[in-house]
Amino acid sequence: MVLLVDTTTKHIGKAIAEELLRSGENAPGFELIDTTGMHISHCVGCNYCWLKTPGVCAIQDDYEPILRKMSKADQVWLVSDTHFGFVSWQTKNIVDRIMPLVTMYLKFKDGQMRHVMRYDHQPDIGVIYTGDGDQGYLERWCQRTALNLGSRSLGVYSESNGKEAVSCML
Amino acid sequence: MHVVIINGSPRVQKYSNTERIIAAFAKGLSEKKTTFETYAISSRKTWDMIRDAYIKNNEILIALPLYVECVPGLLLEFLQTLPKKDEHTRLSFLLQSGFAEGCQLRCGEAFLEKLPEYLGVRYGGCLVKGDNFGIRILDEEKQVQVTKPYQAMGKLFAEGDGFFREEAKKFTGPEYFPLPVRLMMGLVFKTLAKKMFQKAAASWGCSVPLDEKVWETDRKGY
């Protein structure tokens, strides 16, 4: 299952979904979430999802259904505008609030501290971006983010390389 | 020197680890007769005031917690509201995290290194330090004790070289823990730390295991 979470102002996720559909019988099951009009707050760092209501975010807004889908997906693609060469704050808010998927508990993995994951299944993470993204930095960030989730990076693709990203989804 | 210190944490100031760190750092500034004014972005109501201080001053320090390998979303949103300035303004950072090793903060630091250029200002360096998760749950006396090393960094910053001096680089501590330390800490994580976290959770009113699988995955149902 592939999940596309689109926060872009140009709604480029739609074109990616169409490209996926054109893949015919090779097309994986997928869902496109366009966050336009949704109310998704930033993470407030309350730590409730670790220490008070483990696994559940304290903020009651439109985010939880997205997180539930992210937790079950095989691939999560963050479809984002860029600013300062990085993903938009809208996309960063979505990533910051992924914390209910990890627990407070710690371990060492590959020589570094990591949180113990809450669930057995972890989604791989990829980025598709519009604008003047810093490709090298975004790749580094995506790899590190996947490391935090105990999964792997699917890579980072500019809008113009959207077809390449789609080939990773098949 | 007069420093505008911006707390870039989304957490309310009352419970902000970054706020405690800033308090210690500012004490160090004061000892060197450096003045400062502090702000926090956690309340949007203050954003106009913070932006105004950013525009009018030329020595800016943003202190922030690492959120998923980079700056918190709320801080990114605030940064996008800042106007471009010129190289007369110097922008420095104090980046802190819960994870203890220096390697955990390098991805965030790399973003901060490039950020001033996007804003048109000069980079003043980044003080990097982990192992700050528990500050908020300590009593006041212990908070002062564990944040005291930041006071020395405030004094160092007041000397005018930003965070480029060797002392600031050493402040981070080890990039990775050596294997014997990892083995020992790993054991603590599985035993004492688990109990400590569960105890802290109980004091917050939590009655379920901290690793509760609340949405036990029905992946077929996707």
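Trainee: Which residue is the bridge partner of A:Y129 in β9(A)?
Mentor: Keep in mind that this is a predicted model. Strand β8 of chain A, residues 124-129, pairs with β9(A) in the parallel sense over five bridges. In β9(A), the partner of A:Y129 is A:S158.

Trainee: Okay, and which strands stand at the edges of that open sheet in chain A?
Mentor: The sheet is open, has five strands with parallel pairing, and runs in the order β2-β1-β3-β8-β9. An edge strand here has a single partner, so one side of it is left without a neighbour in the sheet. That picks out β2 (30-34) and β9 (153-158) of chain A.

Trainee: What angle does helix α1 of chain A make with β2(A)?
Mentor: Helix α1, residues 13-21, packs on the sheet and touches β1, β2, β3 and β8 of chain A. Its direction makes an angle with that of β2(A) of about 170°.

Trainee: And at what angle does helix α6 of chain A run to β9(A)?
Mentor: Helix α6 covers residues 162-169 and lies across β1, β3, β8 and β9 of chain A. To β9(A), helix α6 runs at about 160°.

Trainee: A:D110 has a positive phi; is A:D110 buried or exposed?
Mentor: A:D110 isn't a glycine, yet its phi is about 50°. You'll find A:D110 in the loop between β6 and β7 of chain A. With 12 or fewer C-beta neighbours a residue counts as exposed. A:D110 has 7 inside 10 Å, so A:D110 is exposed.

Trainee: What about B:E69, buried or exposed?
Mentor: B:E69 also isn't a glycine, and its phi is positive, near 70°. B:E69 sits in the loop between β3 and α3 of chain B. There are 23 other C-beta atoms within 10 Å, so B:E69 is buried.

Definitions and conventions. Residues numbered from 1 in each chain as written. Chains lettered and ligands numbered in written order. Predicted model: local features only at pLDDT ≥ 70, side-chain atom pairs only at ≥ 80, totals over all residues. Helix = DSSP H or I, 4+ residues; strand = E, 2+ residues; numbered from the N terminus. Buried ≥ 20, exposed ≤ 12 C-beta atoms within 10 Å, placed from the backbone. Pairing = 2+ DSSP bridges. Contact = placed C-beta atoms within 7 Å. Axes fitted to C-alpha atoms, helices over the stretch in contact; angles between N-to-C directions.
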